[in-house]
Amino acid sequence: MLEAVASQDLWIWHAFYGMAGANNDINVLDNSPLFDDLLDDLAPVVPYVVNGVQYRNGYYLADGIYPEWASFVKSFTVATDPKHTYFKQRQESARKDVERAFGVLQGRWGLIQQPARAYEVNTLRRIMYAGIIMHNMILEDQNMSVVDWKHVYSNPARSLQTVWIDRCQTQRRKAKELRDKDTHISLQQNLMNHIWREVEEASEED
């Protein structure tokens, strides 16, 4: 199973591959290094404002199986009104970027499409990571990437923890922030209200 984070330009920002056995998204997330930099307070600070409310950390679009964490924005299982329906459509549409990125990977590297039973796990892992690295290199060479990643990780606000106990305290604090359900609900509702306002403004112009 491949865990990946991709943006609209198909740049793959994160990949975790090679867990043995039968797994679902939650099992993979529990073993993934996806939030390691965030927990160590090394992740870039990306403040933004949604519907008049400021947030400090970025977020990932995820499906319903993922937990209600501050860094995940999920769709609604059941849309009860036009506002919820529109948000559900926009979220699920944007979430298809990672599927498009994987489709491009398969199209470029036929080896990824082939049966894998004959390979060892470490060999499969290297094949997958090599394909992802070359995929990103192609995007960069063709100037198709919309984000200059060299500037993303040069954020001066990053702090380096040199004392072990300070690092433990930081991880506990950041883990609490990461798993904050109230922030998850607030961000979801504010995003929904923000994009719905665009619909209302477009209707008024018509």
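I took contact to mean heavy atoms within 4.5 Å. Helices (H or I, at least four residues) and strands (E, at least two) are DSSP runs, numbered from the N terminus. The model is predicted, so I kept local features to pLDDT of at least 70 and side-chain atom pairs to pLDDT 80 or more, while totals for chains, interfaces and linings use all residues. Residues are numbered from 1 along each chain as its sequence is written, and side-chain values use heavy atoms, with hydrogens and water left out.

**Entry 1: helix H3**

I looked up what the buried residues of H3 pack against, and found strand S5 (60-62), strand S6 (72-74) and helix H9 (181-205). Buried here means under 20% relative accessible area, exposed over 50%, and partly exposed in between (1.4 Å probe, protein chains only). The buried residues of H3 are His-84, Phe-87 and Gln-91. Seen down the axis of H3, these fall within an arc of 65°, so they line one face of the helix. I took the arc from the directions between the helix axis and the C-beta atoms. Pro-82 and Gln-89 are exposed on the other side of H3.

I then checked the length. The expected span of a helix is 1.5 Å times one less than its number of residues. H3 (residues 82-95) has 14 residues and reaches 20 Å from its first C-alpha to its last, close to the 20 Å expected.

**Entry 2: Ser-75**

I found Ser-75 in the loop between S6 and H3. At 16% relative accessibility, Ser-75 counts as buried. Leaving out residues up to four places away in sequence, Ser-75 touches Ala-62, Phe-87, Lys-88, Gln-91, Glu-92 and Gln-188.

**Entry 3: helix H6**

I ran the span check on H6 (residues 121-141): its 21 residues should span 30 Å, and the end C-alpha atoms are 30 Å apart, which agrees. Leu-124, Met-128, Gly-131, Ile-132, His-135, Asn-136 and Leu-139 are buried in H6. Down the axis of H6 the buried residues fall within an arc of 130°, so they line one face of the helix. They pack against S1, S2, helix H4 (97-108) and helix H5 (110-113). On the other side of H6 I noted Arg-126, Ile-133, Met-137 and Asp-141 as exposed.

**Entry 4: Leu-10**

I placed Leu-10 in the loop between strand S1 (2-6) and strand S2 (12-17). Its phi is near 75°, a positive value in a residue other than glycine. Leu-10 is buried, with a relative accessible area of 11%.

I searched the whole structure and found one cavity of 30 Å³ or more. A cavity is a set of points on a 1 Å grid over the protein atoms alone where a 1.4 Å probe fits but cannot get out, and lining residues have an atom within 4 Å of a point. The lining of the largest cavity includes Asp-37, Leu-38, Asp-41 and Lys-174.

Asp-41 sits in the loop between H2 and strand S3 (48-50). Its phi is near 60°, again positive in a residue other than glycine. Asp-41 is buried, at a relative accessible area of 15%.

Lys-174 is one of the buried residues of H8, with Cys-168, Thr-170, Ala-175 and Leu-178. The buried residues of H8 fall within an arc of 165° seen down its axis, so they line one face of the helix. Helix H2 (36-39) is included in what covers them. Arg-172 and Lys-176 are exposed on the face of H8 turned away from the buried side.

Key
1 Å grid on protein atoms, 1.4 Å probe; cavity = no way out; pocket = protein on both sides within 12 Å on 5 of 7 lines; lining within 4 Å. Points joined across faces, edges and corners; volume = space filled by probe spheres on them.
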